[in-house]
Amino acid sequence: MGYEVRFGAFQVTSSGVSRELSYWVRRMEPFFSSLTGIINYYYVAEVAPGEPQLFFSSARLHRMSYHLGMPFDPQVGGIGETAEEAFLSTCGEALERYASSVVPVKQLPLADYETMMKRQERVVSPDKFMLYASWQYEQENFAYDLFLPSSLVRWVKGISLVSGDEVWVPAAFVYMPYMYEFGQEARINHTTSTGLAFHFVPSQAWKTGLCEVVERDAFALTWWARLTPDELDLDSVDDERVRRLLDERLGAWKKKIRVFSLPTDSRFPVFLGLIEEDDERAKQPSVPALCIGAAASLDVATALYKVIIEVVQTYKFASYLKQQNEKLPQKRVFEGKWDEEIRDFSEGVLCYSYPQWRKHLSFLKGEKRISFRDLCQQKGFNSLAEACAFLQTLGFEALVVDITPEDIRSAGGYVSRVVVPGMLGLNGAHRYRFWGGERLFTLPQKLGLRDHRLQEDELNPYPHPFP
């Protein structure tokens, strides 16, 4: 149950809404129309008593299948403490997806890395990307090719967030969905939405995109290496905004949520949120056995606020997926044939909504606790520039590509993709998990969480539940 919203009826009158939020909501108006807008539908779900008192919403893009010539009409979701926050979250997500699908093919040079270097262009080397293990490429009907210096790919120009230099990035790491030119271009990457961000202020989009890349890197490391993170003592949190969210918006739900500080060398605060239900409740068609969410930011309080919001949103998403599955004449049953059964993020979420798979998350729940103040002393940055400079000391250069289509730009919007070559990506389809490169195998030892370099047979064989 819920209600559809037309923009003209969207009144910014909620008590406590800041002028800044009202301003950003009004700036969304050019993108929102049932007839001509990039976003043609917006929906707000009703919240039942006893549920988190948050706004859950969804938006749909206009006729994307027609635009692309392939099935792609995404409906995206958002969440917020106020109707305005949920609206901005959802519409921003929709605009990211739209912008990433507008690929200016004629402007993207088709060349191999060696040719680009001969042209004296600064270009990201293929060996910088953490892609697939050799045995994965050898599988029958594996969809992707080795990314070699001689691989013919399309390139798009980005900017270094450290030096400001122009850097060419493979277009397949930037646009989504990315359609390879048959018979010409090497298929190199399983593209996901990591690093996409919309804002009216470019630097805000850069920050959001970079934090998302760091978040997925930390989660991928934790999941595949089966690392046990420290659990945050939520009672120790003294940030006013987070306390309001926990005590006033969530109520009894705050007892369901556990938050873990994920291990990383990046110094970013990265959190994993977990909600679990007991086996008896999880028998209900609308109750997922468990779900997770993750978030990173430049400061601990913001990252914590975001992860609580994220895990509650995932719970609603998992509940919806499970209800829909239970209604099917032949519902999906997961048997452990992971390469065949987990083909995108939503299937992983659905799988772990059933209690028989919860055992695969047991490694996350250790004994060690950490306080909010201790984390604030250990993690975080004062600015985006400081964060990018620190990543540079680790050998990671944060790159940003402006992918703003003209219809968004003309209304003052901006969309970018942040790419950090060398950081771990997170797959949707289990078969295309990113198990190539050394970072996954060596970083646990560097962090002091293992006493040796990991071997491939030590990695987690089970699909992740990341939404």
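At what angle do helix 7 and helix 8 pack, and how far apart are their axes? I will open with that pair, noting that the model under discussion is predicted.

Two packed helices are described by the angle between their axes and the distance between the axes. For helix 7, residues 240-250, and helix 8, residues 300-327, the angle is about 25° and the axes are 9 Å apart. Angles under 35 degrees count as roughly parallel, and helix 7 and helix 8 are therefore roughly parallel to each other. On the helix 7 side, the contact involves Arg241, Val242, Leu245, Leu246 and Leu250. Helix 8 meets these residues with Ala301, Leu304, Tyr305, Ile308, Ile309 and Val312. By class, this contact of helix 7 with helix 8 comprises 10 nonpolar residues, no polar residues and 1 charged residue.

Helix 6, residues 202-225, packs with helix 14, residues 439-446, at an angle of about 85°, and their axes lie 10 Å apart. Helix 6 and helix 14 are therefore roughly perpendicular to each other. Helix 6 contributes Asp217, Ala220, Leu221, Trp224 and Ala225 to the contact, while helix 14 contributes Arg439, Leu440, Leu443 and Pro444. The contact of helix 6 with helix 14 divides into 7 nonpolar and 2 charged residues, with no polar residues.

The chain has 14 helices and 15 strands. Its C-alpha trace spans about 65 × 55 × 55 Å along the principal axes. For 467 residues, a compact globule would have a radius of gyration near 23 Å, and the chain, at 22 Å, agrees with that expectation.

How many cavities of 30 Å³ or more does the structure hold? There is 1, and the largest cavity contains about 340 Å³ of space. The largest cavity is lined by 22 residues, of which Phe173, Asn189, Thr194, Met423 and Gly425 are the closest to its centre. Strand 15 provides the largest share, 3 residues. Sorted by class, the lining of the largest cavity has 13 nonpolar, 7 polar and 2 charged residues.

Finally, two details of the backbone deserve attention. Most residues other than glycine have a negative phi, and most peptide bonds are trans. Which form does the peptide bond from methionine 176 to proline 177 take? That bond is cis, with omega near -5°. Proline 177 sits in the loop between strand 7, residues 166-170, and strand 8, residues 196-199. The other detail concerns asparagine 141, which is not a glycine and yet has a positive phi of about 60°. Asparagine 141 also belongs to a loop, the one between helix 5, residues 134-137, and strand 6, residues 153-160.

Methods:
Residues numbered from 1 in each chain as written. Predicted model: local features only at pLDDT ≥ 70, side-chain atom pairs only at ≥ 80, totals over all residues. Heavy atoms only, no water. Axes fitted to C-alpha atoms, helices over the stretch in contact; angles between N-to-C directions. Helix = DSSP H or I, 4+ residues; strand = E, 2+ residues; numbered from the N terminus. Parallel < 35°, antiparallel > 145°, perpendicular 65-115°, else oblique. Contact = heavy atoms within 4.5 Å. Nonpolar A, V, L, I, M, F, W, Y, C, P; charged D, E, K, R; others polar. 1 Å grid on protein atoms, 1.4 Å probe; cavity = no way out; pocket = protein on both sides within 12 Å on 5 of 7 lines; lining within 4 Å. Points joined across faces, edges and corners; volume = space filled by probe spheres on them. Rg over C-alpha atoms; globule rule 2.2 N^0.38 Å.
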